[in-house]
Amino acid sequence: MANESLKAKLEKYEADCKKAEEKFPERVGLKHKKVYTPLDLEGFDYETELGLPGEYPYTRGVQPTMYRSRFWTMRMYAGFATAEESNKRYRYLIANGGTGLSVAFDLPTQIGYDSDDVMAQGEIGKVGVAIDTLKDMEILFDQIDLSKVSTSMTINASASVLLAMYIAVAEKQGVPASALRGTIQNDILKEYSARGTYIFPVKPSMRLITNIFEYCSKNVPKWNTISISGYHIREAGSTAAQEVAFTIADGIAYIEAALKAGMKIDDFAGRLSFFWNAHNNVLEEVAKFRASRRLWARILKERFGAQNAKSMKLRFHTQTAGSMLTAQQPNNNIVRVALQAAAAVMGGTQSLHTNSRDEALALPTTESVTIALRTQQIIAYESGLADVVDPLGGSYYVEAMTNAIEKEAMEYIKKIDEMGGAVEAIEKGYIQKEIQDSAYAWQMAVESGEKTIVGVNKFQQEEKPVEGLLRVDASAGEFQKKKLAQVKAERDNAKVAEELAKLEKAAADESVNLMPVILDCVRAYCSLGEICGVLRKVFGEYKPHVTL
Amino acid sequence: MADKKIRVLVAKPGLDGHDRGAKVVARALRDAGMEVIYTGLRQTVDQIVEAADSEDVDVVALSLLSGAHNTLFPEVVEGLKKKGMNDVLVIGGGVIPAADIPGLEAAGVKAIFTPGTPTKDIIDFIKANV
């Protein structure tokens, strides 16, 4: 037997290596073996586990040609201060080769407060653009043709309102909803477990989400109605396998909610999309992307009986890991981001955001964002990484790790199923606790020196504070408040009151799809805070499970 | 009072949802023998001051990554003063540019810990200043 001979050779190899390894005890503790062989893939069947690109179970990629026909979308997440400022940044990114937009909203917008709300003070325009009414959205997309660009919006609890505003801006541009391409994040479960911008309790939140699925399947068919996000779960501290597990468990919960609302799996599953983190360990990340595709395809086919191939394809956006950026020696972050982005490309991402070097300190400057965008272009055009589909497929190590991540994630999913699903697991605080334990273990590993972060716990140097950071000052908030007051003075306030009253009535009736009602509200220039205020009144607010 | 445990309120003011740092610090302080109360997300200044008062804490540790620190940190210090809690040690952490630190210190925040700070530094600072 060839394997017997290989086993014997491996035993001798291990014995021979022992002496050399003893000199580097810190390297022996690594969680992966030092070499992988066919013995790690015993029983591995190529066609069952991998198949060709574009073929079930899509381990090698969701498209047959991948980057041989078209590169991933270079989609830089941006937005700050006011719609006026952010519009300038978007037009700059498009002029420099960005191929899709990605809108960052400020926290009041994400949590359903207008800029003049007491809860918004100090936060207006800080982490993204402030949007109060349709007027702001019109300015945000001024001179940007919504029939040509695809737009991703990081918006969750208030996603229905922002999607409605986007549709209404398109109407004004003469672009029908059926032509719109883009994504709303719309993933409330990870807000409860990891990201924190929830508003409403679980049940009405799930209703809003399924209302969007249903509305878009009929009216905005090219829109990705959700971006089920592992990114923030990883940022909160999870491991790679936990990122896959908790995210896919959330995905299962959304599918079950939509099925329960009477939809058919193949009517909506093809518009579900995902969002992953690209972390520091390059090959582990490549394995993670591959494992997630295979796992999702199998769940859709075997568990939910999907027939349409589109329903089984896990399409995803990737962002490099913000939490791995260091405030120390910030230029080193350019290198970290390049490696993380390379992992995303070797893992077959559909779109990519690369972080900027200065983001552990502030929002990025234009110069920093340009380097981050150029990093993607260098990977695409110069590195060769995009020339071959799934270039690491067949590597003993990457295949073994793909199997291991899929297996570990599946074990978590089984456990979550036994608890009653992701909603119950979050309400019990189980997922939050698992993430926190991993975050704490990471921090302790860094502090003990077991894990090295260059410039932080090794190779430190004296540094001067970085100058020229982007600042959003209080004037953005004042400008925004004035603009809102003007809209409120100029709009038809009787119409506003009428639409809000209709919304209140519709919200109280679970059988009504709220999307058309919200669309009427935004067309009448009802503000985001007014709309969410009505929904808060009817739905109440989520009470988080605080775990430590 | 060498045997009295130091009591710390770890608080998240404003709308920011990033609580990885706050929770890691809270746990590290607890492992270092302190009594730690964590407020959870989205606390108003009044809620934080109220909690600091009712829990009778020695330290209020604020965490914010949204950029609203220049507004909210000084408001917490002011709120504590108004309640007569002048001796409570207020510290902060998060994504805070170096240029903002002198202003925050002048407003009464005794120390700002930025990304990459070992939890041991925070523990040592609290022990030396309570």
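This is a predicted model: local features need pLDDT of at least 70, side-chain atom pairs count only at pLDDT 80 or more; totals for chains, interfaces and linings use all residues.
**Entry 1: Backbone exceptions**

I began with the peptide bonds and the phi angles.

I noted a cis peptide bond running from Tyr56(A) to Pro57(A), with omega near 5°. I then located Pro57(A), which sits in the loop that joins α3 (46-49) to β1 (73-78) in chain A.

I next recorded Ala81(A), whose phi is positive at about 55° although the residue is not a glycine. Ala81(A) belongs to the loop between β1 and α4 (83-95) of chain A. I checked the surroundings of Ala81(A) and found 25 C-beta neighbours inside 10 Å; the residue is therefore buried, since the cut-off is 20 or more.

In chain B I found Asp56(B), also not a glycine, with a positive phi of about 50°. I placed Asp56(B) in the loop between α2 (45-54) and β3 (59-64) of chain B. Asp56(B) has 11 other C-beta atoms within 10 Å and is exposed, because the limit for that class is 12 or fewer.

**Entry 2: The nonpolar core**

I looked up the largest nonpolar core and found that it has 196 residues. The residues with the most contacts inside this core are Ile518(A), Val60(B) and Val76(B). I also asked which helix gives the most to the core. The helix is α11 of chain A, residues 240-260, which supplies 13 residues.

**Entry 3: Chain B as a whole**

I counted five helices and five strands in chain B. Along the sequence, I read the order of these elements as β-α-β-α-β-α-β-α-β-α.

I then compared the radius of gyration of chain B, 13 Å, with the value near 14 Å that a compact globule of 130 residues would have, and the two agree. Taken along the principal axes, the C-alpha atoms of chain B fill a box of roughly 35 × 35 × 25 Å.

How much of chain B is made up of buried residues? I recorded 52% of its 130 residues as buried.

Finally, I examined contacts in chain B between residues at least 6 apart in sequence, and 71% of these join residues at least 24 apart.

Conventions. Residues are numbered from 1 along each chain as its sequence is written. Chains are lettered from A and ligands numbered from 1 in the order in which they are written. Helices (H or I, at least four residues) and strands (E, at least two) are DSSP runs, numbered from the N terminus. A nonpolar core is a set of buried Ala, Val, Leu, Ile, Met, Phe, Trp, Tyr and Cys residues joined through C-beta atoms within 7 Å. The radius of gyration is taken over C-alpha atoms; the globule rule is 2.2 Å times the number of residues to the power 0.38. Two residues are in contact if their C-beta atoms, placed from the backbone, lie within 7 Å.
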